[in-house]
Amino acid sequence: MALLLRTVARQGLCSSRLQFAVLYRHAVPMGTTAKEEMNKFWTKNTRLNRPVSPHVSIYKWSVPMMMSISHRGTGVALSSGISAFALAALVLPESYPYYLDLIHSMSFGPQFLAFSKFALAFPVAYHTFNGIRHLIWDLGKGFRIPEVYRSGYIVIALTVVTSIGLAAM
Amino acid sequence: MAALVRISSVCHRGVSPLLFRSSSLIRPLAVQKKDRDCPYLISAKIHATPSNYAGSGSKAASLHWTGERILSIVLLGLAPVAYYYPGPAVDYTLAAALTLHGHWGLGQVLTDYVHGDFKIKMANAGLFLLSTVTFAGLCYFNYHDVGICKAVALLWSKRLD
């Protein structure tokens, strides 16, 4: 009896589905671009003054997350540093060797020089090695989670070793 | 008898009536999923490449992406070249590559975090100004001062005294 009910019910479902025989066979392209959709989303939600759900404040941090934002952070920091350097070159009256000797003569402490070199080398090394990791992803490789973690740890190790090596030079 | 009647109702109306006691709750599957402007009862909305549709049909974004990757690889190759063959050619190439890489990178950051037509326009204008000044400053440094390669070499030559 139950078997009869099941088979007939299945047929009933199938017949109702045949009414909508086009089930997901037809994909309708949208008339708007993704950019337009996002703009619509933001204008509507800011206009309605809607609060944003907590996301980074509640989600558990992971190594890939931290490395990703660090890649962005080092990129912004390095870019700002280059822009500041370029601006200083345009504005300051004296030459680069003059200011370099000036800072060097200030002698903030014995380890200042090694620390400064490390502080400069570290973001460059990290951004470079993680950048290579990004390029490998762009080739479509290394997306499995264990691979993501493995390549991440390799980048961190290479960064530390390279920064120490460069600071010692 | 009652069981047979129940089965026939399943045949005609699907399983949903069985789940709801009141028949007023029964809605045909079609109305729930129907989209006003879509002739098909169930369809997936997708973002199609607008090349065959009424969209802009431009490959600009895709080319930009490719350009970003190529520039990254160029910059990667410039590092050993700058170390082994320092000089004006590398200095100016480095100035251009660094500025453009930073400009495009900061552009992505703005795209992610800045919303609203006017704010986007203002932020991008500010970025363009910053990148222009950066490139000008680096070229000025290369021309009137020691140049990027020499500057790094001088900095690294400093030893504890």
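Analyst: Begin with what counts as a helix: a DSSP run of H or I, at least four residues long. The model is predicted. Now apply the term. Residues 112–129 of chain A are 100% helix and 0% strand, and the end C-alpha atoms of this span lie 26 Å apart.

User: Which residues of chain A does UniProt list as "transmembrane region"?

Analyst: The unreviewed UniProt entry lists 75–92, 112–129 and 150–168. Such annotations may be inferred rather than shown by experiment. Residues 75–92 of chain A are 94% helix and 0% strand, with end C-alpha atoms 25 Å apart.

User: And what does the record cover in chain B?

Analyst: For chain B, the unreviewed UniProt entry gives this annotation to residues 69–86 and 122–143. Residues 69–86 of chain B are 89% helix and 0% strand, spanning 24 Å between end C-alpha atoms. Residues 122–143 of chain B are 100% helix and 0% strand, and their end C-alpha atoms are 32 Å apart.

User: What pattern does chain A follow along the sequence?

Analyst: The order is α-β-α-α-α-α-α. That is 6 helices and 1 strand. Next, look at contacts in chain A. Of those with a separation of 6 or more, 71% join residues 24 or more positions apart. Then look at cover. Buried residues are 21% of the 169 in chain A. The accessible surface of chain A is about 11,700 Å², and carbon and sulfur atoms account for 70% of that area.

User: How does the reach of helix α5 of chain B compare with the span expected at 1.5 Å a residue?

Analyst: Take the distance from first C-alpha to last. Helix α5 of chain B, residues 88–113, has 26 residues and reaches 37 Å, close to the expected 38 Å. Then ask which residues are covered. The buried ones in α5(B) include Val90(B), Leu94(B), Ala97(B), His103(B) and Val109(B).

User: What do the buried residues of α5(B) pack against?

Analyst: Their partners come from both chains. Chain A supplies α3 (63–91), and chain B supplies α4 (60–84), α6 (117–144) and α7 (148–157).

User: Which residues make up the largest nonpolar core?

Analyst: In soluble globular proteins, nonpolar side chains tend to be buried together. Here the largest nonpolar core has 12 residues, among them Ala86(A), Leu71(B), Leu78(B), Val90(B), Leu138(B) and Ile148(B). Helices α4, α5 and α7 of chain B each give this core at least two residues. Another core, of 5 residues, lies apart from it and includes Ala89(A), Tyr96(A), Phe141(B) and Ala151(B). Beyond its neighbours within four places in sequence, Leu71(B) touches Ala97(B), Leu100(B), His101(B) and Trp104(B).

User: Is Ala61(B) buried or exposed?

Analyst: Exposed means over 50% relative accessible area. Ala61(B) sits in helix α4 of chain B. Its relative accessible area is 62%, so Ala61(B) is exposed.

User: How many disulfides are there over all chains?

Analyst: A disulfide is a covalent bond between the sulfur atoms of two cysteines. The count over all chains is 0. Cys139(B) is in no disulfide, and its nearest cysteine sulfur belongs to Cys149(B).

User: Why is Cys149(B) too far from Cys139(B) for a bond?

Analyst: The cut-off is 2.5 Å between sulfur atoms. The sulfur of Cys149(B) is 13 Å from that of Cys139(B), so the pair is too far apart for a bond. Now check cover. Cys139(B) is buried, with a relative accessible area of 18%. Cys149(B) is also buried, at 10%.

Notes
Residues are numbered from 1 along each chain as its sequence is written. Chains are lettered from A and ligands numbered from 1 in the order in which they are written. This is a predicted model: local features need pLDDT of at least 70, side-chain atom pairs count only at pLDDT 80 or more; totals for chains, interfaces and linings use all residues. Side-chain values use heavy atoms; hydrogens and water are left out. The expected span of a helix is 1.5 Å times one less than its number of residues. Buried means under 20% relative accessible area, exposed over 50%, partly exposed in between (1.4 Å probe, protein chains only). Contact means heavy atoms within 4.5 Å. Accessible areas come from the Shrake-Rupley method with a 1.4 Å probe; for residues, only the protein chains shown count as cover. A nonpolar core is a set of buried Ala, Val, Leu, Ile, Met, Phe, Trp, Tyr and Cys residues joined through side-chain atoms within 4.5 Å.
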